[in-house]
Amino acid sequence: QILCLDGGGIRGIISTRILMHIEAITRSTIFNLFDTIAGTSTGGILTIGIAKGMSLLQIMEMYFKFKEMMFHGARPYDTEKLEKYLKQEFGENVRLGDLVGPKIMLMSVLADRMPAELHIFKNYEIPGAGHVAYHSTDKRFPPLPKPKDEYVWKALRATTAATSYFKAYGRFIDGAYIANNPTLDVLTEMFKLMKAHENNEDCTVKPIHIVVSVGTGKLPVKKVEVCDIQMPRSIWELPNFFSNFMNVSELLIDQTFQPEGHIVHRAAAWCGMIGAPFFRLNPTISQMVELDCKDDLILVNILWETECYIEKNKAVLDQLCRLLVESRQI
């Protein structure tokens with residue numbers, strides 16, 4: 001049973017509230033309900049919180065404390081302060097391999113190369129693969145630590161290194177640049193694990209039974225002008241040129257971080273082909289909420305919209321909870 005958590009900064013409170021509802025209905029913890037938990041950026045923080053045994057209420061409180069502590073002054077925010085906070089909250093000497101229970105995946109991006117590469121921090125290794133993937137034959141790129149040996153706070157620092165909000169963490173930047181919704185990458189990773197299971201008797205991997213993807217809120221679809229850039233032939237065409245240029249820029253940014261649309265459709269199709277139920281849980285919110293929003297009124301409003309979403313989709317959530325509980329009884 002797989003849980004995937006989107007990026008979205010402070011909007012991680014939306015994901016947290018949805019998970020709180022699942023716990024209330026199933027009368028179990030997210031930690032016990034899922035075999036694999038993966039997250040990008042704020043989803044990574046939520047993932048590690050769950051893996052370390054924090055309650056969802058504690059994680060919700062952590063979000064509100066974090067915004068008051070970190071989001072001050074001009075961006076990028078104080079990186080040293082962020083790293084100190086991560087060490088205090090999650091442990092300075094805790095390694096990913098110390099996290100016992102569900103398989104954990106945190107998405108980040110290796111940005112010291114072109115094209116950039118997705119890097120998954122995890123608390124396990126793929127049997128038979130050895131350490132080959134972490135020792136590049138290209139001497140320009142130093143080797144990476146084995147997955148289990150990486151410190152938790154460093155993995156969190158890497159997955160949350162959102163450009164302009166915080167400085168890059170060495171060669172790593174926020175995983176949202178490639179996998180803001182990590183579902184497809186998690187399914188790919190699970191496929192690798194299952195192939196290793198076929199070739200290695202010591203590797204035990206359960207078949208994919210349920211996939212749950214939780215978002216951090218989406219905006220309603222809006223109408224925009226066609227993004228058609230033509231070089232201006234006179235100064236009178238400059239306003240139209242710049243307007244179209246801004247539309248194209250917005251389109252590129254939107255598609256880079258897009259957690260909905262084709263990603264969700266592909267994940268649903270993949271799960272459909274293997275007979276695994278797929279649930280995408282992501283409420284529509286009425287306004288754009290920045291990753292570093294501090295306004296409590298805005299945050300309370302998106303939590304209220306999340307409550308409305310939960311009530312409206314009660315039948316779907318009840319079905320999900322029933323499947324999660326039944327699968328644990330098999």
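**Whole chain.** The chain has 12 helices and 7 strands. Helices (H or I, at least four residues) and strands (E, at least two) are DSSP runs, numbered from the N terminus. This is a predicted model: local features need pLDDT of at least 70, side-chain atom pairs count only at pLDDT 80 or more, and totals for chains, interfaces and linings use all residues. Residues are numbered from 1 along each chain as its sequence is written, and side-chain values use heavy atoms, without hydrogens or water. Of the 330 residues, 48% are buried (buried: under 20% relative accessible area; exposed: over 50%; partly exposed in between; 1.4 Å probe, protein chains only).

**Close-up of Ser15.** Ser15 sits in helix α1 (residues 12-26). Its relative accessibility is 1%, so Ser15 counts as buried. Beyond its neighbours within four places in sequence, Ser15 is in contact with Leu46, Val214, Gly215 and Thr216 (contact: heavy atoms within 4.5 Å).

Helix α10 covers residues 262-274. Its 13 residues should span 18 Å at 1.5 Å a residue (the expected span is 1.5 Å times one less than the number of residues). The end C-alpha atoms are 19 Å apart, which agrees.

Ile263, Val264, Ala267 and Cys271 are buried in α10. Seen down the axis, the buried residues of α10 fall within an arc of 95°, so they line one face of the helix (the arc is that of the directions from the helix axis to the C-beta atoms). The face turned away from that buried side carries the exposed residues His265, Arg266, Gly272 and Met273.
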